[in-house]
Amino acid sequence: MKLTELFRQGKFVITSEVGPVKGCSRVNGGPPPEFIQEALNIKDYVHAVNVTDNQSAVMRLGSLAASLLLKQYGLEPIYQLTCRDRNRIALQSDLMSACTLGIDNVLCLTGDHIKLGDHVAAKAVFDVDSVQLLRIARGLNQGRDMVGNALTQPTNLALGAVVNPGFEPLDLQLLKMEKKIEQGAEFFQTQAVYDPKLFETFARRVESFSVPIQYGLVVIKSPKMAKYMNEHVSGITVPESLIKELESAPQGGLKAKAAEITLRLARQMGPMVQGIHFMPLGWSDIIPQVLEGLRGVVN
Amino acid sequence: MIATTKKPLAEVLAALEGHRRVALVGCDGCAKICLTGGADEVAALAQELKQNGLEVILEVTPERTCNVAKAKPALEPLTEQMQQADALMVLGCGGAVQITRHLTEQFGLTKPVKVGLNSVGHMDTVVPGSMAMEECSDCGECILNETGGICPVTRCAKSLLNGPCGGAEHGKCEVDPERDCAWVLIYSRLAALGELDRLKKYLEPKDYGKAARPRTLLFKEGRVA
């Protein structure tokens with residue numbers, strides 16, 4: 001089902017995210033690969049699950065194959081598609097492939113730069129940017145490719161986009177967000193934010209945009225991970241106070257602490273927008289209890 | 001300017017393997033500016049080649065080796081000397097090397113023309129004698145009028161045309177924290193000019209056909225073929 005339909009129905013949309021493995025995932029009657037299991041943990045708790053596209057420019061199983069696998073296990077995938085590795089021909093072709101294979105939702109992204117990944121000598125593509133990709137995808141939904149040729153059958157994809165509320169200057173990020181909306185973005189997922197005041201400023205500024213937004217929340221699993229994100233993950237800032245809080249967790253109590261922090265942040269920032277996008281990075285098993293704690297806070 | 005760096009001596013020597021008598025051709029244009037192929041660098045390489053048992057029979061540094069109008073008058077009178085060489089070694093950009101090859105062919109010489117430098121881009125000298133940076137990608141479809149005179153095709157690591165990615169932090173690029181985010185620079189510049197509205201304009205995907213190589217410029221027609 002399209003996420004846009006859920007937003008239209010006034011649902012508070014909960015999504016999560018998995019990263020495909022580095023390797024083939026042929027199932028052949030055996031147990032599903034770990035990233036599918038990760039998604040299955042939360043099958044009854046989330047509306048859909050993002051499938052990352054060679055995230056952080058680290059080469060992995062393709063997001064389309066992984067999205068299809070999720071679909072076969074009864075989950076609703078959000079197919080992430082980046083401009084980093086595909087030119088405009090490949091992007092359009094992959095959008096049509098996704099729709100043909102039954103994918104309903106696509107998240108259109110620029111993509112992390114190759115220099116951040118494990119194939120630093122690769123040739124970066126970036127033939128088009130995320131705003132242009134949205135326009136192209138909208139065109140395919142309307143039955144035309146980007147040069148105006150008619151399609152035998154239009155695609156029918158809900159088009160998602162991302163925004164970073166922590167970007168400075170925020171005005172510049174919002175200018176781009178508005179362009180994304182003008183060119184076809186129908187819903188947004190935000191970069192992870194840990195500062196409720198910052199998120200509130202963002203949420204107020206974008207209220208008039210009249211587009212559904214999901215608050216993005218990466219589950220912080222350890223102080224080490226928080227520090228790593230601050231140093232190496234572009235666009236994310238974890239406040240020192242949260243790192244200290246994680247450090248105070250008793251032996252063996254990190255997961256409980258992470259769940260507690262995740263719930264608190266979700267309660268603080270979720271209600272400011274129309275949904276939450278959890279990025280649990282392998283700890284999807286905490287999501288059910290977090291959602292339990294959110295009951296009544298968001299509809 | 002076409003920026004160049006020197007190849008390691010071992011690579012230069014390897015390229016000249018099997019050749020004893022060498023003619024050295026520098027370039028008094030860009031390579032001189034980059035301290036890689038002016039007369040001084042040609043002389044320095046000549047010394048090193050000699051120390052490694054090679055014979056340098058000619059050192060010449062045309063004003064602009066990539067330009068036939070300058071290179072031909074400088075090299076043609078040296079045809080006989082070049083005839084004595086087993087190989088030519090050019091300290092210039094890849095263009096200088098190939099113009100030198102064109103010319104040797106015109107002069108009736110069949111000599112290997114080797115390169116001693118790596119060409120690293122179309123760059124602009126920002127600090128004379130010290131630093132040049134890449135600011136233009138020669139895309140064939142200049143958008144500087146829209147972007148406050150700062151090129152996102154070149155200075156944004158992802159060549160984004162419609163604003164920044166989400167990866168910049170404190171105005172710096174996700175690829176290199178020492179590098180300014182091109183879009184933050186563009187934003188600041190347009191804000192200073194009172195032209196922020198320009199950023200609202202959607203820019204279409206570039207026509208990379210205009211950058212498809214190899215391009216030929218027809219001066220009089222003002223046309224790229």
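Reply: A crossing of two helices is called left-handed if the near helix is turned anticlockwise from the far one by less than a right angle, and right-handed if clockwise. The model shown here is predicted, so local features need pLDDT of at least 70 and side-chain atom pairs count only at pLDDT 80 or more, while totals for chains, interfaces and linings use all residues. Residues are numbered from 1 along each chain as its sequence is written, and chains are lettered from A and ligands numbered from 1 in the order in which they are written.

Me: Is the crossing of α10(A) and α11(A) left-handed or right-handed?

Reply: Helices here are DSSP runs of H or I with at least four residues, strands are runs of E with at least two, and both are numbered from the N terminus. Helix α10 (residues 254–269) and helix α11 (residues 287–294) of chain A pack with their axes 9 Å apart, at an angle of about 40°. The crossing of α10(A) and α11(A) is right-handed.

Me: Which term describes how α10(A) and α11(A) lie to each other?

Reply: Axes are lines fitted to C-alpha atoms, for helices over the stretch in contact, and angles run from 0 to 180 degrees between N-to-C directions. Angles under 35 degrees count as roughly parallel, over 145 as roughly antiparallel, 65 to 115 as roughly perpendicular and the rest as oblique. The angle between α10(A) and α11(A) is about 40°. The two helices α10(A) and α11(A) are therefore oblique.

Me: How do α5(A) and α6(A) lie to each other, and which residues of α6(A) make the contact?

Reply: Helix α5 (residues 130–141) and helix α6 (residues 170–183) of chain A have axes 8 Å apart and an angle of about 15°, and are therefore roughly parallel. Residues are in contact if their C-beta atoms, placed from the backbone, lie within 7 Å. From α5(A) come A:Ser130, A:Val131, A:Leu134, A:Arg135 and A:Arg138, and from α6(A) come A:Lys176, A:Lys179, A:Lys180 and A:Gln183.

Me: How many charged residues does the contact of α5(A) with α6(A) have?

Reply: Ala, Val, Leu, Ile, Met, Phe, Trp, Tyr, Cys and Pro count as nonpolar, Asp, Glu, Lys and Arg as charged, and the others, Gly among them, as polar. In the contact of α5(A) with α6(A) there are 2 nonpolar and 2 polar residues, and the number of charged residues is 5.

Me: Which strands of chain B stand at the edges of the open sheet of 4 strands?

Reply: Two strands pair if DSSP finds at least two bridges between them. The order of this sheet in chain B is β3-β2-β4-β5, with parallel pairing. One side of each edge strand is left without a neighbour in the sheet because each has a single partner strand; these are β3 (55–60) and β5 (113–115).

Me: Which residue in β4(B) stands opposite B:Leu24?

Reply: Strand β2 (residues 21–25) and strand β4 (residues 87–90) of chain B run parallel and are joined by 4 bridges. Opposite B:Leu24 stands B:Met89.

Technical notes:
Two residues are in contact if their C-beta atoms, placed from the backbone, lie within 7 Å.
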